[in-house]
Amino acid sequence: MTGFWNNKRVFLTGHTGFKGSWLNLWLKELGANVFGYALEPEPDALLFQQLNLANESGHFIGNVLDREIFNLKVIEARPDVIIHLAAQPLVRRSYRESIETWQTNVIGTIHLLEAIKNIKHECSVIIVTTDKVYENLNRNYAYKEEDRLGGNDPYSSSKSAAELAVNSWRSSFFKDDSNIKIATVRAGNVIGGGDWSEDRIVPDLVRALIRGEKFSIRNPKSVRPWQHVLDPLSGYLLLAERLYSCPEESLEGAYNFGPDDEGVRTVQQLVDEAHKTWSGEFCDNNNLDSQLHEEKLLSLDISKSKKNLSWSPRWGFEKSVHETISWYSLVNSGSSPLKTTLNQLDKYSELL
């Protein structure tokens with residue numbers, strides 16, 4: 001990373017979550033002034049506390065649906081960069097909390113778009129959606145940014161709607177000569193130390209390993225683009241910097257930040273690779289909650305990010321899984337979560 005981030009004012013929503021905690025810490029290490037806005041961390045969102053981020057200045061608890069307070073905090077921050085992570089990010093929870101998912105993911109994003117109308121200085125805005133925004137035809141095809149949007153579950157469809165809202169507001173209120181530059185980013189299936197979310201493959205696997213229990217694999221043949229959390233985050237930071245520093249390059253739009261082809265693997269392959277670092281047992285439970293729709297095949301075309309930004313993933317599949325499982329193993333053995341996270345940040349940063 002360049003010195004761009006030193007003393008930059010960054011408004012970061014969803015900073016108490018898994019990706020938000022990693023990004024919050026990284027921005028602090030780069031010298032940025034971070035103004036976080038998020039809900040109280042959920043009971044399983046341990047990473048935020050483990051990294052001592054709650055004690056940092058700029059930490060504010062709030063709901064993106066509270067338009068008045070949200071708008072006020074955006075204006076008060078006077079941000080150079082905004083990175084919008086706040087979301088209901090879980091597919092299976094979206095079946096239980098469908099309305100809440102749409103409210104947070106769509107209306108929350110629109111509240112941000114309305115708030116940035118009040119910013120009169122240069123500002124780059126990164127809005128995080130998901131690789132699941134595409135109309136998934138479950139075929140061996142890597143989705144490009146211009147492919148049709150869709151979504152067969154409440155989470156995916158809400159993120160597609162957020163993409164449409166961003167495009168609409170950008171076209172309507174933030175023309176080419178605007179001081180606000182906006183891009184949306186779509187990452188693959190992110191893994192990394194400190195994720196304890198419900199119904200996610202790695203946290204569920206690690207919980208079983210800690211308890212010494214056999215792990216039940218749901219949908220072992222499903223194919224996903226697996227990547228370490230630092231890979232897409234590096235893409236978000238690079239894109240934000242370029243939008244701010246090179247407004248004449250017309251870099252606005254959507255970007256995929258996924259792994260190379262070798263990172264597109266089955267759930268079974270992910271579990272097998274994890275067990276090379278922390279051995280355990282598993283069983284196939286392919287019929288678990290089978291009434292809930294989950295896509296079987298998904299991969300991303302990242303050629304646009306490579307061409308326009310000279311970005312590429314730095315950690316391959318084996319390295320990503322090893323570093324992820326090592327984080328949990330070390331912390332479970334008594335290592336400092338903060339020190340372990342910083343060590344991985346340092347190792348990754350050496351490759352940039």
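The model is predicted, so local features need pLDDT of at least 70 and side-chain atom pairs count only at pLDDT 80 or more, while totals for chains, interfaces and linings use all residues. Residues are numbered from 1 along each chain as its sequence is written, and side-chain values use heavy atoms, leaving out hydrogens and water.

Helices (H or I, at least four residues) and strands (E, at least two) are DSSP runs, numbered from the N terminus. After H7 comes Gly212, with a positive phi near 70 degrees.

Next, the sheet. Seven strands make up an open sheet with parallel pairing, in the order S3-S2-S1-S4-S5-S6-S10; two strands pair if DSSP finds at least two bridges between them. At the edges sit S3 (59–61) and S10 (253–257), each pairing on one side only. From one strand to the next, the twist averages 20 degrees. S2 (residues 33–38) and S3 pair in the parallel sense over three bridges, and Ala38 stands opposite Ile61 in S3. Helix H8 (residues 230–245) lies across S4 (81–84), S5 (123–128), S6 (180–187) and S10, running at about 150 degrees to S5. Axes are lines fitted to C-alpha atoms, for helices over the stretch in contact, and angles run from 0 to 180 degrees between N-to-C directions.

The axes of H5 (residues 98–115) and H6 (residues 154–173) come within 9 Å and cross at roughly 15 degrees, so the two are roughly parallel to each other. Angles under 35 degrees count as roughly parallel, over 145 as roughly antiparallel, 65 to 115 as roughly perpendicular and the rest as oblique. Among the residues meeting there are Trp102 and Ile110 in H5 and Tyr155 and Trp169 in H6. The residues of this H5–H6 contact divide into 11 nonpolar, six polar and two charged.

For H1 (residues 18–29) and H12 (residues 337–349), the axes come within 11 Å and cross at roughly 65 degrees, which means H1 is roughly perpendicular to H12.

Notes. Contact means heavy atoms within 4.5 Å. Ala, Val, Leu, Ile, Met, Phe, Trp, Tyr, Cys and Pro count as nonpolar, Asp, Glu, Lys and Arg as charged, and the others, Gly among them, as polar.
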